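Student: Please show me the protein chain. I would like to know what the terms used for it rest on.

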Amino acid sequence: MREELSAALERFLNEDLKGAVLSNPRQKGAVIKVQIRPVAIKGSLYFQAEEFTDKQAFHRNMDRDQAVLYIEEALRERFKQMELTSSLGTVHALVSKKGKMTVKVKNQVQKTASGEGDLTRAAGKDLEVAWRPSESRSKLESLSHNRKKRYILEEGTPVPFLVDLGVMTPEGKVVRSRYDKFRQINRFLEFIEDVLPRLDKNRENRIIDFGCGKSYLTFAMYYYLKEKMGYPVRITGLDLKQDVIEHCSRLSRKYGYEDGLDFACGDIAGYEGESRVDMVVTLHACDTATDFALDKAVRWGAKVILSVPCCQHELNRQMENRLLEPVFQYGIIKERMAALYTDALRAELLEQKGYRTQILEFIDMEHTPKNLLIRAVYQGKPKHNEKELGEIMEFLHIQPSLAGLLNRPTEKV
């Protein structure tokens with residue numbers, strides 16, 4: 001049967017692949033699912049595997065031969081099931097507890113020039129499809145087009161605030177030097193899209209954006225939620241720079257957004273006057289400012305928290321451990337370890353408060369080193385990990401600000 005699997009993969013891993021899903025993992029706590037799809041990169045066909053763990057998603061691109069080996073290994077070592085769908089047919093593979101594999105291949109009826117079916121090939125038989133170069137190019141162009149269409153804000157459709165912020169031309173073309181920002185905005189909106197079920201379309205949703213800066217993402221969030229999706233929202237962008245706030249306020253009035261999008265000058269720790277907030281966004285709040293924002297979000301009972309931390313210096317100053325001294329002597333290594341420990345502990349501390357947290361890749365490392373986003377969705381089931389986190393903190397000789405903030409007596413925010 002493994003030979004049949006190899007033969008099927010050789011036939012179906014091409015431009016006609018719609019997708020493949022590997023599921024039913026053999027071991028708990030590892031990758032729980034893999035989705036594979038064809039992508040066109042610089043005019044060549046690749047296959048992208050998106051690996052999902054309980055809290056993260058990882059991507060890798062492979063050529064055809066690598067993808068065949070990847071799937072074979074996955075079914076041999078990690079997963080018990082695969083569903084593959086193609087315009088040429090389907091493949092269903094099952095692996096029993098004893099390792100016996102069953103492969104079922106169903107091929108589509110091939111059409112003649114007149115449109116009539118001339119042959120239905122039996123499962124397991126060779127299926128040869130001879131592609132002309134023009135057909136392959138057309139398929140790849142289609143895949144490239146589909147990748148572009150995945151953007152929530154599409155190139156070619158002018159968006160007023162993106163034009164004013166210098167990301168788009170008045171014709172809707174993305175300014176080449178601002179393409180990274182365009183990608184970042186769309187990636188951020190994908191995170192918003194994922195949490196839409198947590199927002200209420202029947203009442204106003206209160207959203208606070210701490211450290212909004214020039215507000216690329218704040219405007220994008222309002223435009224997507226209110227203009228495109230029809231959610232009633234009231235968003236406040238908060239920043240310390242008065243000139244930035246005045247500029248963003250002018251733009252909000254210009255677009256007619258002032259009833260639902262306003263800006264205020266102030267810091268995170270001192271912000272008051274809210275009794276209920278549905279979503280808190282904090283992007284690149286420096287060092288412990290992120291902790292104050294997360295604490296505010298928890299005390300408001302926010303359903304959703306989206307945070308991209310920045311400049312995690314606090315633990316870098318605190319970390320001490322004799323065993324790790326040979327590692328900590330390298331400043332850049334210690335700095336990066338401190339940043340990772342900081343965000344991992346933040347995520348776990350939010351779990352203690354009933355949030356389901358994920359740490360996700362925001363944008364590619366080549367564009368910015370600050371590429372991790374903490375997404376927390378309130379589930380109401382606290383995780384009792386106090387003992388484990390206490391041992392980690394003691395081991396590293398650290399006292400994260402968020403731990404102290406969340407554990408202080410409840411007070412009005």
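Tutor: The accessible surface of the protein chain comes to about 21800 Å², by the Shrake-Rupley method with a 1.4 Å probe, where for residues only the protein chains shown count as cover. Carbon and sulfur atoms hold 49% of that surface. This is a predicted model, where local features need pLDDT of at least 70, side-chain atom pairs count only at pLDDT 80 or more, and totals for chains, interfaces and linings use all residues. Residues are numbered from 1 along each chain as its sequence is written, and side-chain values use heavy atoms, with hydrogens and water left out.

Student: Why are α5 and α6 called oblique to each other?

Tutor: The axes of helix α5 (residues 179–194) and helix α6 (residues 216–228) cross at roughly 50°. Axes are lines fitted to C-alpha atoms, for helices over the stretch in contact, and angles run from 0 to 180 degrees between N-to-C directions. Under 35 degrees counts as roughly parallel, over 145 as roughly antiparallel, 65 to 115 as roughly perpendicular and the rest as oblique. The crossing of α5 and α6 falls in the rest, so the two are oblique.

Student: What makes Asp287 buried or exposed?

Tutor: Buried means under 20% relative accessible area, exposed over 50%, partly exposed in between (1.4 Å probe, protein chains only). Asp287 has 12%, so Asp287 is buried. Asp287 lies in the loop between β13 (279–286) and α8 (289–300); helices (H or I, at least four residues) and strands (E, at least two) are DSSP runs, numbered from the N terminus.

Student: What is the phi of Asp287?

Tutor: Asp287 has a positive phi of about 50° although Asp287 is not a glycine. Most residues other than glycine have a negative phi.
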